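Hi everyone, thanks for coming.

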Amino acid sequence: MSEKILVTGASGMVGTRFVETFAKPERLLAPDLDIFDMTRPENLAAYFAAHPGIGAVINLAAYTNVSEAEKQKEDKASLCYQLNVVGTQNLIDQIKDKDIYLIHISTDMVFPGDAADPGPYAEDHPVEADKNRLTWYGYTKALAERIVTAAFPIAAILRLIYPVVKEYVLKADYLRAPLAHYEAKKSLYPIFTDQQMNISAVDEICIILNRLLEERLAGIFHAGSSDITTPYQIMTQLFDLVHGHHDMVKPGSLAEFLKTTSNPTRYPRFGGLANRATQEKLGVKISTAAAIVDRLYGHLEK
């Protein structure tokens with residue numbers, strides 16, 4: 001019998017698509033939160049005891065609402081910290097002494113994206129240690145990476161940035177959110193022309209996850225698009241595809257916006273994930289941001 005693969009956070013955007021597309025679904029274990037609550041170590045111990053055939057874990061479970069996480073800053077009892085940090089430690093405690101391969105999902109926000117340490121960040125770029133230069137979400141994910149690296153040297157860490165997918169009903173992604181805003185308001189907020197970033201295609205994330213499972217490779221990998229772009233470039237293309245024009249996409253400046261906010265870490269200006277090493281090591285081809293947007297929305301009739 002083939003080993004089982006445990007997918008935590010399987011109801012999320014990436015987890016749902018991975019489960020949908022995995023070639024051998026009978027190998028997957030995708031428990032609901034009430035069955036596999038990572039904040040409760042006794043819950044995890046019971047689950048692993050009842051499922052002795054687990055050979056790999058994809059840890060997608062995380063608190064990912066960046067804005068809400070900022071309201072929890074410095075609160076280690078908060079859900080963001082408990083799930084992202086304590087939950088990761090609880091999971092590691094269950095599997096570190098077993099022959100289990102771990103893929104831990106992380107984020108570009110473990111880097112500050114500021115002028116003092118700008119991206120795009122290579123896979124081996126040091127994770128930021130100063131919590132004052134990160135969002136609370138980014139800081140908790142940076143702590144989680146350190147927990148994984150310290151206790152589980154054969155693990156893979158896969159960092160994502162703005163995952164986008166064709167369909168997912170529970171949460172609007174980086175592309176669907178502005179489209180929905182425009183449909184509801186008939187206007188669009190200013191779009192930054194001076195923020196460097198990229199996006200992750202969920203289908204390509206799934207390809208990378210499959211390759212990691214096949215090869216059981218250790219190390220750090222990035223799933224961002226193969227180029228660095230700006231929100232304005234992405235949104236002009238998106239609205240051209242969906243609406244036939246982008247007159248509603250008005251340019252804005254992140255540099256100017258940051259002068260008006262009390263939270264300068266919320267939006268990294270010089271971010272992005274480089275992925276040359278990932279493509280070479282895994283033998284995969286990662287698309288440009290424009291190709292991803294076109295693949296998701298280019299079929300639409302004007």
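I'll talk about strands, then aromatic rings, then a pocket.

A word on the source: this is a predicted model, where local features need pLDDT of at least 70 and side-chain atom pairs count only at pLDDT 80 or more, while totals for chains, interfaces and linings use all residues. Residues are numbered from 1 along each chain as its sequence is written, and side-chain values use heavy atoms, with hydrogens and water left out.

Let's begin with strand β3, residues 54–59. Is β3 enclosed or open? Six of its six residues are buried, so β3 is largely enclosed by the rest of the structure. Buried means under 20% relative accessible area, exposed means over 50%, and partly exposed is in between, using a 1.4 Å probe and protein chains only.

What does β3 pair with? Two strands pair if DSSP finds at least two bridges between them. Strand β1, residues 4–8, pairs with β3 in the parallel sense over five bridges, and here Leu 6 stands opposite Val 57. Strand β4, residues 101–107, also pairs with β3 in the parallel sense, over four bridges. There, Ile 58 has Ile 103 as its bridge partner.

Now the rings. The whole structure holds 11 aromatic pairs. Rings of Phe, Tyr and Trp (its six-membered ring) pair if their centres lie within 6.5 Å; planes under 30 degrees apart are stacked, over 60 edge-to-face, and the rest tilted.

Phe 192 is in strand β7 and Tyr 267 in the loop between α9 and α10, so the pair ties together parts that are 75 residues apart in sequence. Phe 192 counts as buried, at 16% relative accessibility, whereas Tyr 267 is partly exposed at 30%.

Tyr 267 also forms an edge-to-face pair with Phe 257, at 5.8 Å centre to centre and 75 degrees between the planes. Phe 257 belongs to helix α9, so this pair ties together parts 10 residues apart in sequence.

Elsewhere, ring pairs link Phe 36, Tyr 47 and Phe 48 into a cluster. The charged end of Lys 98 sits over the ring of Phe 48, 5.9 Å from its centre.

Last stop: the second largest pocket, with about 260 Å³ of space. A pocket is an open set of points on a 1 Å grid over the protein atoms alone, where a 1.4 Å probe fits, with protein on both sides within 12 Å along at least five of seven lines; lining residues have an atom within 4 Å of a point. Grid points are joined across faces, edges and corners, and the volume is the space filled by probe spheres set on them. Of the 15 lining residues, the closest to the centre are Arg 17, Val 165, Lys 166, Glu 167 and Asp 203. Which element gives the most to this lining? That is α1, with four residues.

Definitions and conventions
Helix = DSSP H or I, 4+ residues; strand = E, 2+ residues; numbered from the N terminus. Lys NZ or Arg CZ within 6 Å of the ring centre and 35° of its normal.
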